[in-house]
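Please have a look at the structure first.

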Amino acid sequence: MQTNKLDAMEARFRSLEDQLSDPSVISNQNKWRTLSKEHSDLGEIVTLYRSYKKVDKTCKEAVNILEDKSQSDLHELAKEELKEAEKMKNELDKQIHFLLIPKDPNDGKNVILEIRAGTGGEEAALFAADLLKMYLKFAENKGWRVELADANETDLGGFREVTCIIYGKNAYSLLKFESGVHRVQRIPATESQGRVHTSAVTVAVLPEVENVDIDINRDDLRIDVYRASGAGGQHINKTSSAIRITHIPSGMVVTCQNERSQRQNKEKALQILKARLYDRAVRESQDKTAADRKGQVGSGDRSERIRTYNFPQGRVTDHRVNVSVYQLDNFLNGNMDGILDVLIEADLTKRMKEGEGSGR
């Protein structure tokens, strides 16, 4: 039990309670929001630590009674109390240890999900549509809300690329493991010889970014307005509501056309741009320690082949944890938890080792 660290966290928690009731802090909404989040983040572990200290006190009192021969009539009761308190103490110790493991600060955030067809032409685009359906079903199972931001659809109903925003509690903590290359092996609908083809789709999962995370200079943006269109160039509406934003310093381009108004499309496009710029900044920082990231379960390296969907065998294989499930249809229907649970466990084990290695 890291009592010094936990005592410092409890002291900080009390300090935050005082600050949050200070009128000068309440009047400063940005500061109040930041402190409120920190207070909320500390709340669970401080509550557990306080319970731990109470139980620890109960253990010590029971031991004192057992060592006092003059209170022999209370020994049986003290033994039972000590047994129960030690059991509870061990359980609280485990929970506190888990909460002390270094966490991804983005885990609680909403998600920008981008799916792009890679090698394989039309077949890759069709599989991109299959993956989108899989994630939509997964989100539905979790009770999350999804908004489509932009889509480049093919004549056969596939997607060259599609972007959506997923709003849900801890969405990033689960979906971050989906970043990378998804490979599909199956007989395409366009294949007349019955041969199995291999195609690839790239998935990018970005945490939604708030204004406090990254700032964009509006002078660095070029905003173009045009008419939204669907597959085959068919116009979705007759007004110029679609938005294209170009971030001049980076050359990054974001389009959004699925909302009815310019304002809504502009807001979504800026949301996506912020997420991409934040993601790029994080990756540039991580690249400096690239060797340390090799083998990282949740690295999100988009060049890494993370999963294979083999239709002839009805198999899904995740290459990061060497796990295969032979329920392909069920998996594509959004029931991804079997593999995600293994990925989360592997990531947790890795972070526990990192925490122990850093003396946490």
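A charge sits over a ring if NZ of Lys or CZ of Arg is within 6 Å of the ring centre and within 35 degrees of the ring normal. Please keep in mind that this is a predicted model.

**Charges over rings**
- With that rule in hand, the charged end of Lys109 sits over the ring of Tyr278, at 5.6 Å from its centre.
- The ring of Tyr226 has the charged end of Arg244 over it, 4.5 Å from the ring centre.

**Aromatic rings**
- Rings pair if their centres lie within 6.5 Å, and planes over 60 degrees apart count as edge-to-face.
- The count by this rule is three aromatic pairs.
- In the pair of Phe138 and Trp144, the ring centres are 5.7 Å apart and the planes stand at 80°, so this pair is edge-to-face.
- Both Phe138 and Trp144 are buried.
- One aromatic cluster is formed by Phe127, Tyr309 and Phe331.

**Helix H1**
- Helix H1 covers residues 3-20, and at 1.5 Å a residue its 18 residues should span 26 Å; the end C-alpha atoms are 25 Å apart, which agrees.
- Buried in H1 are Leu6, Met9, Glu10, Phe13, Leu16 and Leu20.
- An α-helix has 3.6 residues a turn, so residues three or four places apart point the same way.
- Asn4 and Asp18, on the other side of H1, are exposed.
- The cover over the buried residues of H1 includes helix H2 (23-26), helix H3 (29-67) and helix H4 (75-99).

Note on methods: Residues are numbered from 1 along each chain as its sequence is written. This is a predicted model: local features need pLDDT of at least 70, side-chain atom pairs count only at pLDDT 80 or more; totals for chains, interfaces and linings use all residues. Side-chain values use heavy atoms; hydrogens and water are left out. Rings of Phe, Tyr and Trp (its six-membered ring) pair if their centres lie within 6.5 Å; planes under 30 degrees apart count as stacked, over 60 as edge-to-face and the rest as tilted. Buried means under 20% relative accessible area, exposed over 50%, partly exposed in between (1.4 Å probe, protein chains only). Helices (H or I, at least four residues) and strands (E, at least two) are DSSP runs, numbered from the N terminus. The expected span of a helix is 1.5 Å times one less than its number of residues. Contact means heavy atoms within 4.5 Å.
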